[in-house]
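This report walks through one protein chain, from its overall fold to single residues. Please look at the model before reading on.

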Amino acid sequence: MGTPVYMDIEEAYSIVQWHGEEYGHHNLWGALNSMEENWDDLDSMERAAYKMVNRELQKSVVESEGGQID
């Protein structure tokens, strides 16, 4: 395993947004999908950002639908 990456959620969103802009995606879902498709090319910071933002967005979707996260 590599060294753990520590960042706050704002930094994670910035990294995902930057990735999306670089690959022509103008929303977080598009950026996340692109990051997933290019997983092997991501560095540890990008992977950590993907995981954090994806988890936050999934949590928001589940909560907005009145459910709970597993």
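## Contacts and overall layout

Of the contacts in the protein chain with a separation of 6 or more, 52% are between residues 24 or more positions apart; a contact means heavy atoms within 4.5 Å. The model is predicted, so local features need pLDDT of at least 70 and side-chain atom pairs count only at pLDDT 80 or more, while totals for chains, interfaces and linings use all residues. Residues are numbered from 1 along each chain as its sequence is written, and side-chain values use heavy atoms, with hydrogens and water left out.

The protein chain has 3 helices and 0 strands, in the order α-α-α along the sequence. Helices (H or I, at least four residues) and strands (E, at least two) are DSSP runs, numbered from the N terminus. Of the 70 residues in the protein chain, 26% are buried. Buried means under 20% relative accessible area, exposed over 50%, and partly exposed in between, with a 1.4 Å probe and protein chains only.

## Helix 1

Helix 1 covers residues 9-22, which is 14 residues. From its first C-alpha to its last it reaches 20 Å, close to the 20 Å expected at 1.5 Å a residue; the expected span is 1.5 Å times one less than the number of residues.

Which residues of helix 1 are buried? They are A12, I15, V16, H19 and G20. Seen down the axis of helix 1, these buried residues fall within an arc of 135 degrees, so they line one face of the helix. The arc is taken from the directions from the helix axis to the C-beta atoms. An α-helix has 3.6 residues a turn, so residues three or four places apart point the same way. On the other side of helix 1, E10, E21 and E22 are exposed. The buried residues of helix 1 pack against helix 2 (28-37) and helix 3 (44-64).

## From helix 1 into helix 2

After helix 1 comes G24, with a positive phi near 80 degrees. G24 lies in the loop between helix 1 and helix 2, and is partly exposed because its relative accessibility is 45%. Between G24 and S34 there are 10 residues of sequence separation and 9.5 Å in space, C-alpha to C-alpha.

N27 caps the N-terminal end of helix 2, where a side-chain oxygen lies 3.1 Å from the backbone nitrogen of W29. This is a polar contact: a pair of N or O atoms within 3.5 Å, where within protein one must be able to donate a hydrogen and the other to accept it, and residues adjacent in sequence count only if both atoms are side-chain atoms. In helix 2 the buried residues are G30, A31, L32, S34 and M35, and they pack against helix 1 and helix 3. S34 counts as buried because its relative accessibility is 3%. Leaving aside neighbours within four places in sequence, S34 is in contact with H19, Y23 and H25.

## Helix 3

Helix 3 has 21 residues and reaches 30 Å from first C-alpha to last, close to the 30 Å expected at 1.5 Å a residue. At its start, a side-chain oxygen of D43 comes to within 3.1 Å of the backbone nitrogen of M45. The buried residues of helix 3 are E46, A48, A49, Y50, V53 and L57, and they pack against helix 1 and helix 2. G66 follows helix 3, and its phi is positive, near 80 degrees.

## Side-chain pairs

How many aromatic pairs are there? The count is 1, where rings of Phe, Tyr and Trp (its six-membered ring) pair if their centres lie within 6.5 Å; planes under 30 degrees apart count as stacked, over 60 as edge-to-face and the rest as tilted. W39 and Y50 form an edge-to-face pair, 5.3 Å centre to centre with 75 degrees between the planes. W39 sits in the loop between helix 2 and helix 3, and Y50 in helix 3, 11 residues apart. W39 is partly exposed at 23% relative accessibility, whereas Y50 is buried at 10%.

The whole structure holds 1 salt bridge, meaning a side-chain nitrogen of Lys or Arg within 4 Å of a carboxyl oxygen of Asp or Glu. K59 forms a salt bridge with E56, their closest N and O atoms being 3.4 Å apart. K59 and E56 are 3 residues apart in helix 3, so about one helical turn separates them. K59 is partly exposed at a relative accessible area of 30%, and E56 is partly exposed at 28%.
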